[in-house]
Amino acid sequence: TESALNAREEPGVAARRGIFSIWSGAQQLRPLFEYAARTRESARPLLMAGFDMQFSTPGAVEYLAKDLREFFSALDDAGLRRQMQALGEDMFAALERLRARPQPPVTTITISVEHRDAVLRAADKLLALLRAPPPAVSRAHAPVRIAMLERSLANLREDASTTYDRRRTDRPRDASRLTLQSAGWNRRDGRMAANLRWLLEELHRGRKIIVWGHNA
């Protein structure tokens, strides 16, 4: 949403790029998005920053994939560049399978724990390289860019676990399914708390913050 507002997209369209349609499409909230767009011309723009771990808006995963590829391509260490590119492609290939939707005449898609684990393995290896960045990464990118990508990957790996738990064909049918559901909610709440704290204490330290959230 923030990038779309900066690109001067129509405020309603910009909102739908990063905010659930139940809010971004609500008539009562349209003045808020129009106001945020108008402040782009002022000295004190109203910035928007998401903190949910979910990749649920259209194109969110594709946007991250594009961002990662651009991040890797800027590295001047060819070996490291190829290593990180391979990890990224492996991660997104497994994630595509994990998130796939059936297309007629197919009615179901079977996903396996191997798809989830492939996402987690690749994400963990990339995160290790970002949390203690090699010189080539530090030369190519500012610390805030590295930190932002690190948070995105951490969100992605947790979202992949929740996606698997929700879509696995062997998910429990008895009361034990509630344990999986609770784990998913707890995973999401934990990541949102960590993301919000980072925004408050690091990225936007010293800024006036308005938190827009809800409880379940």
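The radius of gyration is taken here over C-alpha atoms, and the globule rule is 2.2 Å times the number of residues to the power 0.38. For the 216 residues of this chain, the rule puts a compact globule near 17 Å. The chain has 19 Å, which agrees. The model is a predicted one. Along its principal axes, the C-alpha trace spans about 50 × 45 × 35 Å.

The secondary structure consists of ten helices and zero strands. From the N terminus on, the order of elements is therefore α-α-α-α-α-α-α-α-α-α. Of the 216 residues, 38% count as buried. The chain exposes about 13,100 Å². Carbon and sulfur atoms supply 53% of that area. Sequence separation was also examined for the contacts. Among those between residues at least 6 apart in sequence, 69% join residues at least 24 apart.

One helix pair was examined in detail. Two packed helices are described by the angle between their axes and the distance between the axes. Helix H5 covers residues 60-73, and helix H6 covers residues 78-99. The two pack at an angle of about 170 degrees. Their axes lie 9 Å apart. Angles over 145 degrees count as roughly antiparallel, so H5 is roughly antiparallel to H6. On the H5 side, the contact is made by Val-61, Leu-64, Ala-65, Leu-68, Arg-69, Phe-72 and Ser-73. H6 contributes Arg-81, Met-84, Gln-85, Gly-88, Glu-89, Met-91, Phe-92, Leu-95 and Arg-99. By class, the residues of this contact divide into nine nonpolar, three polar and four charged.

Pro-58 sits in the loop between helix H4 (30-38) and H5. Its relative accessible area is 71%. The cut-off for exposed is over 50%, so Pro-58 is exposed. Ala-160 is 102 residues from Pro-58 along the chain. The C-alpha atoms of Pro-58 and Ala-160 are separated by 16 Å.

Arg-8 lies in the loop between helix H1 (2-6) and helix H2 (11-16). Most residues other than glycine have a negative phi. Arg-8 is not a glycine, yet has a positive phi of about 65 degrees. At 47% relative accessibility, Arg-8 counts as partly exposed. Arg-8 touches Arg-40 and Glu-41, residues up to four places away in sequence being left out of the count. The C-alpha atoms of Arg-8 and Ala-37 are separated by 7.4 Å. These two residues are 29 apart along the chain.

His-204 is found in the segment after helix H10 (177-203). Its relative accessible area is 18%. Buried means under 20%, so His-204 is buried. Leu-47, Ala-49, Leu-199 and Ile-209 touch His-204, again not counting residues up to four places away in sequence. Leu-47 is 157 residues from His-204 in sequence. In space, the two are 9.9 Å apart, C-alpha to C-alpha.

Definitions and conventions: Residues are numbered from 1 along each chain as its sequence is written. This is a predicted model: local features need pLDDT of at least 70, side-chain atom pairs count only at pLDDT 80 or more; totals for chains, interfaces and linings use all residues. Side-chain values use heavy atoms; hydrogens and water are left out. Axes are lines fitted to C-alpha atoms, for helices over the stretch in contact, and angles run from 0 to 180 degrees between N-to-C directions. Helices (H or I, at least four residues) and strands (E, at least two) are DSSP runs, numbered from the N terminus. Angles under 35 degrees count as roughly parallel, over 145 as roughly antiparallel, 65 to 115 as roughly perpendicular and the rest as oblique. Contact means heavy atoms within 4.5 Å. Ala, Val, Leu, Ile, Met, Phe, Trp, Tyr, Cys and Pro count as nonpolar, Asp, Glu, Lys and Arg as charged, and the others, Gly among them, as polar. Buried means under 20% relative accessible area, exposed over 50%, partly exposed in between (1.4 Å probe, protein chains only). Accessible areas come from the Shrake-Rupley method with a 1.4 Å probe; for residues, only the protein chains shown count as cover.
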